[in-house]
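Below is a short report on a two-chain model. It covers the fold of one chain, the contact between the chains, and two single residues.

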Amino acid sequence: MNRKVQHFIDLVLVLTQKDLKVRYKSNILGYLWSVANPLAFAFVFYVAFKVIMRIQMEAYALFLIAGLFPWQWFANSVSVTPTVFLSNASIIKKVNFPRNIIPFSIVLQDMLHFIFSIPVIVLFMLIYHKLPHWSWIYGIPILLIVQFVFAYGISLFVSSINLFFRDLERLVGILITLCFYFTPIIYPLEMIPDKYQSLVNLNPMCPLIISWRNLFFYGKVEWMYIFISLGYGVLALLIGYAVYRKLSWKFAEVL
Amino acid sequence: MSESIVSFEHVSKSYPQYHQITGGIKQFLFNLPKAVRLFKTARYLALHDISFEVKQGETFGIIGRNGAGKSTTLGLIAGVLKSTIGKVSVKGKISPLLELGAGFNSDLTGRENIFLNGVLMGLTRKEVANKVDDIIEFSELGEFIEQPIRVYSSGMLARLGFSVASSLDPEILLIDEILAVGDITFQHKCVERMMSFKQKKVTMVFVSHSMESMVSLCDRAMWIENHTVKMIGDAKAVVKEFVNQS
Ligand SMILES: Nc1ncnc2c1ncn2[C@@H]1O[C@H](COP(=O)(O)OP(=O)(O)O)[C@@H](O)[C@H]1O
Ligand SMILES: [Mg+2]
């Protein structure tokens with residue numbers, strides 16, 4: 001293999017391993033966390049909306065999980081993002097390497113956790129007598145790429161800015177929570193009142209989560225939603241990268 | 001005449017007063033006009049119009065009082081800082097900046113830090129794996145190598161840092177006051193290794209407050225005072241002048 005490619009892979013690997021250890025203490029725990037956390041939330045929402053408020057929806061548990069798992073990937077990546085450069089201060093100040101590899105490997109790592117949690121979704125499908133669809137073969141990779149691009153773009157932006165405005169971290173936490181409730185994760189798109197339907201696509205996570213759920217639930221690949229998501233992804237990446245490029249040479253000064 | 005590896009041409013470096021904004025968005029927005037004005041104008045000049053060259057295989061010393069701008073100079077060579085004015089050019093594979101204090105990542109073990117370090121420096125994991133035993137042996141850290149480096153003393157961190165950086169075949173080695181913390185035996189080992197680097201024609205830039213090692217190791221030296229070059233030339237002569245002054 002080309003040495004440059006090998007080195008890039010090793011760099012991502014070493015940083016990912018380091019990060020796993022710092023965030024979760026071990027690979028297994030990291031994986032368990034990425035599965036247990038959305039499951040716990042699914043349980044809470046199930047009790048609140050299905051058992052107590054008696055929402056009229058079939059397979060509500062599966063419905064929740066199909067949205068919560070990809071959401072968890074996004075939320076996990078973005079919520080650690082503000083501090084990724086801060087927590088790597090000592091390497092940034094000593095070695096000149098492409099700093100964007102740090103957020104890159106974080107988003108990659110959360111993506112891998114998500115991929116490994118897909119069997120849990122399949123398990124729930126089996127419980128509700130549904131089977132994986134052949135469209136997953138291309139649907140999943142496409143959505144993985146789209147969400148990766150979006151999450152990485154946001155990460156680049158937030159992590160670079162946070163070095164200069166250190167309270168961005170708290171703001172990001174609030175924004176993630178807001179975004180969660182404005183995205184049809186715990187309720188279906190159809191339940192949103194007609195007069196607000198047109199606003200739905202203003203939330204970048206909305207078409208993405210809908211795409212994931214369509215794929216898991218019905219094996220449906222809806223290109224319109226995917227293209228909107230991709231548009232947001234590319235936009236986020238362009239802005240994120242531009243900001244990163246502008247600021248990255250100052251990182252060692254502010255840390 | 002051998003090739004110049006590091007060259008500074010009229011380099012100045014000033015730091016903005018980042019604490020104006022790292023206080024947070026809230027603070028920044030509430031004091032917007034004042035914050036922006038301060039941020040634009042109030043810069044701290046750390047280096048002013050510095051020019052020098054380091055040749056292939058040369059050991060180059062930098063001396064000066066605390067806050068003179070020595071570490072800033074090394075940061076510029078390492079490429080982690082960017083000059084405000086002037087041109088810095090560096091050729092070759094640079095070691096991680098060796099300096100006091102924080103090692104690489106305090107949650108990782110010494111061994112894991114060796115890999116992190118080596119890969120960041122541009123080696124593949126396999127290349128690091130081939131050297132890891134030598135590095136551990138040289139560091140004399142024994143079983144501590146499997147412990148997170150948060151439990152290391154500053155001397156042990158210096159051992160690890162020096163062992164790694166000097167074992168990974170750097171073409172340029174940057175050393176910032178690191179000899180000061182190791183114990184005497186380790187200091188000797190470091191000096192010995194630096195001597196062997198000299199023979200192998202590795203270029204070194206060396207900041208130290210030990211005038212003795214300055215004289216014994218360095219070919220030439222630069223004295224920075226008040227953020228600018230006070231004197232540059234033969235190491236013995238510069239050190240002599242520096243000692244006379246202070
Ligand atoms: N990141 C930074 N932001 C602002 N000022 C800095 C920064 N780093 C260094 N300085 C200032 O620049 C000057 C030179 O620092 P430094 O190069 O570390 O000195 P030395 O290593 O010679 O003791 C010091 O006065 C220091 O306060
Ligand atoms: Mg210093």
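How many helices and strands does the secondary structure of chain B come to? It comes to 10 helices and 8 strands. Helices (H or I, at least four residues) and strands (E, at least two) are DSSP runs, numbered from the N terminus.

This is a predicted model, in which local features need pLDDT of at least 70, side-chain atom pairs count only at pLDDT 80 or more, and totals for chains, interfaces and linings use all residues. Residues are numbered from 1 along each chain as its sequence is written, while chains are lettered from A and ligands numbered from 1 in the order in which they are written.

**Chain B overall**

The C-alpha trace spans about 55 × 45 × 35 Å along its principal axes. Of the 246 residues, 42% count as buried. A residue is buried if 20 or more other C-beta atoms lie within 10 Å of its own, exposed if 12 or fewer, and partly exposed in between; C-beta atoms are placed from the backbone. Among the contacts in chain B with a separation of 6 or more, 72% join residues 24 or more positions apart. Two residues are in contact if their C-beta atoms, placed from the backbone, lie within 7 Å.

**The sheet of 3 strands**

One open sheet of chain B has 3 strands in the order β2-β1-β4, with antiparallel pairing. Two strands pair if DSSP finds at least two bridges between them. Strands β2 (43–55) and β4 (85–90) of chain B are the edges, each pairing on one side only. Neighbouring strands are turned by 20 degrees against each other on average, direction ignored. Axes are lines fitted to C-alpha atoms, for helices over the stretch in contact, and angles run from 0 to 180 degrees between N-to-C directions.

Strand β1 (residues 4–16) of chain B is joined to β4(B) by 5 bridges. Between β1(B) and β2(B) there are 9 bridges. F8(B) has a bridge partner in β4(B), V88(B), and another in β2(B), F52(B).

**The sheet of 5 strands**

A second open sheet of chain B has 5 strands in the order β5-β6-β3-β7-β8, with mixed pairing. β5 (172–176) and β8 (228–234) of chain B each have a single partner strand, so one side of each is left without a neighbour in the sheet. The twist averages 15 degrees from one strand to the next. Strand β7 (residues 220–225) of chain B runs antiparallel to β8(B), and 6 bridges join them. W223(B) has M231(B) as its bridge partner in β8(B). Helix α4(B) packs on this sheet, touching β3 (59–64), β5, β6 (203–207) and β7 of chain B. The direction of α4(B) makes about 155 degrees with that of β5(B).

| Residue | Bridge partner | Partner strand |
|---|---|---|
| F8(B) | V88(B) | β4(B) |
| S7(B) | S89(B) | β4(B) |
| F8(B) | F52(B) | β2(B) |
| W223(B) | M231(B) | β8(B) |

**Where the chains meet**

Between the chains, 30 residues of chain B are in contact with 26 residues of chain A. Helix α5(B) gives the largest share of the chain B side, 4 residues. That side divides into 18 nonpolar, 8 polar and 4 charged residues. Ala, Val, Leu, Ile, Met, Phe, Trp, Tyr, Cys and Pro count as nonpolar, Asp, Glu, Lys and Arg as charged, and the others, Gly among them, as polar.

Helix α1 (residues 3–24) of chain A meets helix α5 (residues 110–120) of chain B; the axes come within 9 Å and cross at roughly 145 degrees. D10(A), L11(A), V14(A) and K18(A) touch F115(B), L116(B) and V119(B).

**Two residues of chain A**

D110(A) sits in helix α5 (residues 101–127) of chain A. D110(A) counts as buried because 25 C-beta neighbours lie inside 10 Å. Beyond its neighbours within four places in sequence, D110(A) is in contact with W73(A), N76(A) and S77(A).

L238(A) lies in helix α10 (residues 223–247) of chain A. L238(A) is exposed, with 11 other C-beta atoms within 10 Å.
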